[in-house]
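Trainee: Could you go through this protein with me, a bit at a time? I'm new to reading structures.

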Amino acid sequence: MNLRPVELLGVAAAGMLLARCGSNSSSPTAGPTPAVIVSSPSPSSTPTPGTSSGLPAGMVCSSPTPPPLLRMSLKIHAGEPRRFVLDSKPLVVNENGYCDKVGFGDWKFCETRPEGDPQREACDYLVTGKAQDTGRWGPTWYYENAPCASFPGVCGNHGSNQFMAIAKEEGEYRACAAEGWPLAHDGTRCGAIQID
């Protein structure tokens with residue numbers, strides 16, 4: 001086989017590279033070049049209860065952070081003929097004396113913080129997550145098993161508070177915490193109220 005000088009040089013270089021494969025030499029040029037490992041960031045679309053990360057700027061729910069959701073409690077906050085303002089609040093289990101620590105006493109369950117506590121809104125956010133239809137912090141509202149957005153003129157999200165909704169017809173209304181957020185052992189994501 002007749003090789004030109006350039007080809008001989010290429011064969012020699014290839015031979016040297018093969019000779020180095022598996023070499024135990026401690027010289028800096030021996031062995032394979034270290035690979036650069038690029039890791040993709042892990043998804044974190046919603047914060048997990050127990051941390052204030054991900055809350056809107058300036059909001060804090062510090063220790064003790066709320067335990068898992070037991071259920072959503074609903075009531076009619078205000079009513080007029082053919083128009084009801086519905087209100088919801090998350091209730092949590094009394095885990096590790098949480099209810100007593102935040103001022104409710106040794107109850108079986110309680111709200112995340114007492115009314116008027118400056119951290120209440122942030123702590124409620126940590127327990128409910130964000131509404132599926134609006135992306136705002138608070139529960140997703142349903143009328144007769146479908147999101148309120150499916151029934152304009154019958155059921156609507158409150159303009160500035162996702163924990164409230166406007167009801168204009170008879171039927172069952174529900175407020176549900178976000179899927180994937182911790183739930184107490186015997187808990188439920190939703191609370192319901194019937195308007196007759």
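Trainee: Which residues in H3 are buried?

Mentor: In H3, the buried residues are Arg120, Ala122, Cys123, Asp124, Tyr125, Leu126, Val127 and Thr128, where buried means under 20% relative accessible area, exposed means over 50%, and partly exposed lies in between, with a 1.4 Å probe and protein chains only. Please keep in mind that this is a predicted model, in which local features need pLDDT of at least 70 and side-chain atom pairs count only at pLDDT 80 or more, while totals for chains, interfaces and linings use all residues. Residues are numbered from 1 along each chain as its sequence is written, and side-chain values use heavy atoms, with hydrogens and water left out.

Trainee: What does that say about H3 as a whole?

Mentor: Eight of the nine residues of H3 are buried, so this helix is largely enclosed by the rest of the structure. Helices and strands here are DSSP runs numbered from the N terminus, with at least four residues of type H or I for a helix and at least two of type E for a strand.

Trainee: And what follows H3?

Mentor: Gly129 follows H3, and the phi of Gly129 is positive, near 75°.

Trainee: How many helices and strands does the protein have?

Mentor: The protein has three helices and nine strands, and along the sequence they follow the pattern α-β-β-α-β-α-β-β-β-β-β-β.

Trainee: Switching to cysteines, how many disulfides are there?

Mentor: If a disulfide is taken as a pair of cysteine sulfur atoms within 2.5 Å, the count comes to four. When the bonded cysteines are numbered in sequence order, the pairing reads 1-4, 2-3, 5-6, 7-8.

Trainee: Which cysteine is joined to Cys61?

Mentor: Cys61 is joined to Cys123, with 2.0 Å from S to S. Cys61 lies in the loop between helix H1 (5–20) and strand S1 (69–80), while Cys123 lies in helix H3 (residues 120–128), so the pair ties together parts that are 62 residues apart in sequence. The torsion about their S-S bond is about 100°, so this disulfide is right-handed.

Trainee: Is that pair buried or exposed?

Mentor: Cys61 and Cys123 are both buried.

Trainee: What about Cys99, where does its link go?

Mentor: A disulfide joins Cys99 to Cys110, and the S to S distance is 2.2 Å. This pair links distant parts of the chain, eleven residues apart, with Cys99 in helix H2 (residues 98–101) and Cys110 in strand S3 (residues 109–111). The link of Cys99 and Cys110 is left-handed, with -95° about the S-S bond, and both of these cysteines are buried.

Trainee: And which cysteine pairs with Cys148?

Mentor: Cys148 is joined to Cys155, with 1.7 Å from S to S, and with 45° about the S-S bond their link is right-handed. Cys148 and Cys155 are buried as well.

Trainee: New topic: where does Leu69 lie, and what does it touch?

Mentor: Leu69 lies in strand S1, and at 1% relative accessibility Leu69 counts as buried. Leaving out residues up to four places away in sequence, Leu69 touches several residues, among them Pro90, Val92, Val127, Pro182 and Ala184, where a contact means heavy atoms within 4.5 Å. Leu69 and Cys190 are 121 residues apart in sequence, and their C-alpha atoms are 9.7 Å apart in space.

Trainee: You mentioned Ala184, so where is its place?

Mentor: Ala184 is in the loop between strand S8 (171–176) and strand S9 (190–195), and at 9% relative accessibility Ala184 counts as buried. Apart from neighbours within four places in sequence, Ala184 is in contact with Pro68, Leu69, Leu70 and Val93.

Trainee: Which order do the strands take in the open sheet?

Mentor: Four strands form this open sheet in the order S5-S4-S8-S9, with antiparallel pairing, and two strands pair if DSSP finds at least two bridges between them. Strand S5 (146–147) and S9 stand at the edges with a single partner strand each, so one side of each is left without a neighbour in the sheet. Strand S4 (residues 140–143) pairs with S5 over two bridges in the antiparallel sense, and the bridge partner of Tyr142 in S5 is Pro147.

Trainee: Last one: what share of the whole protein is buried?

Mentor: Buried residues make up 36% of the 196 residues in the protein.
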